[in-house]
Every structure is written in C-alpha cells, then in structure tokens.
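Here's a friendly walk through one protein model. Have a look at the structure first, and then we'll take it piece by piece.

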Amino acid sequence: MKIGIIGAGLSGLTCCWYLKKNGINDITIFESSDRVGGKLTTDRIDGFQLDRGFQVLLPAYPETKKVLDYDKLQLQRFPKGSLIYKNGKQIPFYDPENGFTALFKTVVKGPGTFMDKLILLKLKFTLSRLSVEDIFNSKKTISSLSYLRKLGFSERIIEDFWIPFYQGVFLENSLETDSKMLQFTFKMFAEAGAAVPKDGMAAIPNQLLDYIGSDKIRYNAKVEHFDNKSITTSEGEKESFDIVVLACNMRNTTAYQNVTNKYFEAEKLPIDTKHVILNANQNRIINNVVLISHVAPSYSQNGKYLISVSANGIHTKTDDFLIDLKSIFGLEVANWNLLKSYTIKEALPKINFENEYKPRSTEGVFYCGDYLLQGSINGAMESGRSVAEAIMKEIKI
Ligand SMILES: Cc1cc2nc3c(=O)[nH]c(=O)nc-3n(C[C@H](O)[C@H](O)[C@H](O)COP(=O)(O)OP(=O)(O)OC[C@H]3O[C@@H](n4cnc5c(N)ncnc54)[C@H](O)[C@@H]3O)c2cc1C
C-alpha cells in the first residue's frame with residue numbers, strides 16, 4: 001500500500017503519524033519548502049527564537065493530547081488571564097487560579113460590572129460541562145460578538161476585554177467568527193491555559209517528524225498536479241500511488257485572515273508581567289503585546305528581552321506600531337530595536353461551519369488541513385487523524 005501526501009504541515013504530518021502507528025510505512029510526503037511544519041515555524045535570529053506569527057498551544061486541545069509528549073516539549077506556560085491597557089490605565093483581568101492577589105485585583109480594578117463576572121463564571125461552568133463534540137455538532141450558527149451580547153455581557157467588558165482578546169485569537173477585528181470557535185477556545189483556555197514549547201512552536205511538528213522519520217519527506221518538492229492515483233511535481237516527475245492525500249489548500253478554496261507580527265529586542269522590560277497585554281485603546285492598530293522571553297526564557301539566549309507585537313491585517317510601517325506602543329508604555333519604546341517583521345497572508349482560514357467536512361472526496365482523493373475544519377492546531381491535527389482513519393477503514397486495517 002503506497003501512500004502519497006501533499007504537504008508536511010501539521011495535518012499532513014499527523015495523518016502520516018497515525019498511518020505509521022497502524023503499521024503503514026510506505027508513505028512519501030511532498031513538501032514544497034525546505035522544512036516541515038507549514039504555518040508552525042520558528043526562526044533563529046541573533047540568539048532569539050522567533051515564531052512566525054505569535055502562536056500558542058492550548059494544552060487542553062483533545063487532538064494534541066492524543067499525539068504530543070508535553071514533557072518532551074517542555075511547555076512554558078502563560079498565567080491565565082490578560083493585562084488590559086486603556087486610556088493610559090492598566091486593567092487587570094486575571095484568573096482566580098493565579099491566587100488571592102490576582103482575584104482581588106480583578107474584582108477591584110477588573111473590566112466590566114459585577115454582573116459581567118457572574119456571567120463569565122456561568123459561561124465557564126456551562127462550557128466545562130459541554131464536550132468539544134457537543135460544541136461543534138450544535139446546529140446553531142451565530143457570530144461570536146452576537147453570542148457575547150446574547151449572554152448578557154455589558155458593552156464595556158465586550159469592548160475592554162472580549163474584543164481585544166479575541167481579535168488576537170481569530171485574527172479579525174469584528175468577532176464575526178462563528179461562536180463555536182469562541183466556545184471551544186474559551187473552554188480550552190479555561191481548562192489548561194496557553195503555552196509555548198521551550199524550543200519554539202516548530203518543536204510541535206518536529207516532534208511528529210522524529211516519530212515519522214525524515215526519510216519519508218521529500219523537501220523542495222512542489223506538487224503541480226494530482227489525482228487519486230498519482231502526484232506530479234513542478235519538475236515534471238510523476239509518481240503513482242494507491243492512495244493520495246491532499247494536506248494543503250492547493251486549490252485555494254478558502255478566504256483567510258492576515259496578520260502582521262513584529263518582534264522587538266529591549267534591554268529592559270516595560271512592565272513585569274507574563275500575561276498577554278491587550279490594547280483596548282480606541283483607533284488602535286496593534287492588538288496585543290507579549291513579553292515572550294519573560295514567559296519563555298529560552299526565546300532569548302543573549303541577555304536581552306524579546307517582545308512580540310501583533311496587529312491584524314497587513315502593516316508595512318513600523319511607525320504605526322510605535323505610535324500605539326508609545327501610547328501604552330511611554331517613551332521607553334524608542335529604545336526598542338525592531339528585529340523582524342512578519343506579514344502573514346493566509347494565516348487563519350475563514351470557516352463556514354455549515355459545510356460538512358468529508359475526509360474522502362467522490363473522486364477518491366483524501367483531504368485534510370485546518371481550512372476544512374477549524375483554523376487551529378487542533379483542527380489541523382483532527383483532520384489529519386480523520387483522513388488516516390478513513391484510509392485504514394478503506395483498506396480494512
Ligand atoms: C499567525 C498565525 C497564528 C496562529 N495562531 C494559532 C494559535 O495561537 N493556536 C492555534 O491552535 N493555531 C494557531 N494558528 C493556526 C495553526 O498554525 C494552523 O491551523 C496549522 O498549523 C495549519 O496546519 P495545516 O497542515 O492545515 O496547514 P499548513 O501549515 O499550511 O501546511 C501545509 C503545508 O503544505 C505545503 N504545501 C503547500 N502547497 C504545496 C504544494 N503545491 N506542494 C507541496 N507542498 C505544499 C506548505 O509548504 C505547508 O508545509 C495560527 C496560524 C497563524 C498563521
């Protein structure tokens with residue numbers, strides 16, 4: 001049984017991981033770039049580790065729990081909650097799990113009303129009792145913003161917390177993303193917070209590669225054509241397979257959100273916090289600032305601090321970022337040095353949850369990728385597992 005997979009992103013690697021686990025070994029993965037991981041990539045520059053686009057693993061993800069060895073990834077965890085900046089003021093919004101001081105600060109100075117905090121507790125409790133399947137199998141389709149309003153949150157907490165926080169998660173500014181994604185991610189954040197691996201987000205695909213074996217990957221092999229029995233590269237090499245899996249959006253069937261992520265180096269921290277810093281100012285460009293090497297010291301090996309700053313959309317001017325950063329941290333931002341700017345087109349797919357995902361098409365090609373299920377590490381891995389299971393069913397393993 002000879003299997004060809006197009007794309008060595010998380011979905012293609014996960015599909016291969018499950019096939020190998022079930023004794024299928026004759027697999028070739030065609031990857032157009034020179035590395036595995038696709039959107040999960042980490043660059044090493046001047047003693048810093050830079051993930052291409054600020055990303056986090058939510059350790060509660062059901063799919064990552066099935067496959068990844070978290071101990072080996074040496075997860076560096078963020079404290080739950082956020083620190084919000086608005087009109088020159090800090091608004092702490094910390095999870096009570098962070099201790100009594102965190103709870104006290106949030107109750108006294110946190111965003112929104114007392115009623116908002118009760119609604120939040122109720123939401124946390126309701127979601128803790130729903131399974132991930134319950135969330136995604138629900139027939140209701142409503143935007144995340146409408147969902148928050150329907151739950152009864154005040155406009156103040158929506159503006160000060162929910163919009164800035166979820167702008168950074170969905171990579172879009174109006175929270176039009178289906179509320180199923182809000183329910184799912186909020187449940188995941190509440191259960192186990194967020195983390196990055198010690199060696200950067202690329203450590204996730206690299207762990208899958210360690211099990212799969214590098215011999216299965218054909219690097220710099222861009223696929224030009226395929227059908228259910230063959231794959232042809234841009235070099236014109238055609239190879240026959242019993243089964244073909246498309247693990248990338250080669251046919252460009254989806255619209256995407258774009259994001260710009262700039263990394264700065266600084267001699268000192270603007271503030272001593274490991275929380276994600278949210279920008280809730282009016283007319284903002286940047287959504288969030290993360291003192292990433294303060295959370296994960298392995299991200300800087302040269303004694304300086306690494307700071308990640310993200311804004312939705314494509315922004316070429318660093319000055320636009322600096323104006324926002326100065327409004328938050330003041331003039332010391334002038335001492336920060338821009339290390340690298342990533343403008344990421346096609347970051348997160350816009351998903352229509354009314355479309356049913358089928359791992360196998362009528363022409364017999366198998367399909368996986370985040371764009372078919374959910375724009376997340378979990379969605380990419382779930383689709384890869386679903387394809388592997390569909391293949392095993394077809395060949396009766
Ligand atoms: C900026 C950003 C922030 C994100 N934040 C988070 C987050 O915080 N948490 C989270 O859970 N998820 C996050 N995600 C989403 C997550 O990274 C993706 O959902 C996941 O990595 C997608 O995996 P994939 O295999 O579906 O696709 P991809 O990663 O796109 O993999 C596709 C692979 O196919 C290859 N390929 C493409 N065309 C061809 C061809 N013609 N021939 C051969 N190979 C080809 C590509 O090079 C690539 O390696 C974020 C994504 C981005 C970009």
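## Two domains

The protein chain splits into domain 1 (3-40 + 202-253 + 352-394) and domain 2 (42-200 + 255-350), with bounds that come from an automatic or database domain assignment. Residues are numbered from 1 along each chain as its sequence is written. Keep in mind that this is a predicted model: local features need pLDDT of at least 70 and side-chain atom pairs count only at pLDDT 80 or more, while totals for chains, interfaces and linings use all residues.

## Where the domains touch

Taken over C-alpha atoms, the centres of domain 1 and domain 2 are 29 Å apart. The contact between them takes 18 residues from domain 1 and 21 residues from domain 2 (two residues are in contact if their C-beta atoms, placed from the backbone, lie within 7 Å).

On the domain 1 side, α1, α10 (203-212) and α13 each give two or more residues, and α13 gives the most, with 5 residues. Helices here are DSSP runs of H or I with at least four residues, and strands are runs of E with at least two, numbered from the N terminus. That side of domain 1 has 9 nonpolar, 5 polar and 4 charged residues (Ala, Val, Leu, Ile, Met, Phe, Trp, Tyr, Cys and Pro count as nonpolar, Asp, Glu, Lys and Arg as charged, and the others, Gly among them, as polar).

## Around the ligand

So where does the ligand sit? Both domain 1 and domain 2 give residues to the shell around the ligand, so it lies between them. Of the 34 residues around the ligand, Gly7, Gly9, Gly38, Gly53 and Cys248 come nearest (a residue is near if its C-beta atom, placed from the backbone, lies within 6 Å of the molecule).

α13 (377-394) turns up here too, along with α1 (10-21) and β18, each supplying at least two residues of the shell. The largest share, 4 residues, comes from α13. By type, the shell has 16 nonpolar, 14 polar and 4 charged residues.

## The open sheet

Now for the strands: 7 of them form an open sheet in the order β7-β6-β15-β16-β17-β14-β18, with mixed pairing (two strands pair if DSSP finds at least two bridges between them). At the edges are β7 (89-94) and β18 (337-349), each pairing on one side only.

Inside this sheet, β14 (residues 256-266) and β17 (residues 305-312) run antiparallel, joined by 8 bridges. One of the residues in that pairing is Thr260, whose bridge partner in β17 is Ala311.

## A hairpin

β10 (residues 223-227) and β11 (residues 230-233) pair in the antiparallel sense over 4 bridges. They form a hairpin with 2 residues between them, and His225 stands opposite Thr232 in β11.
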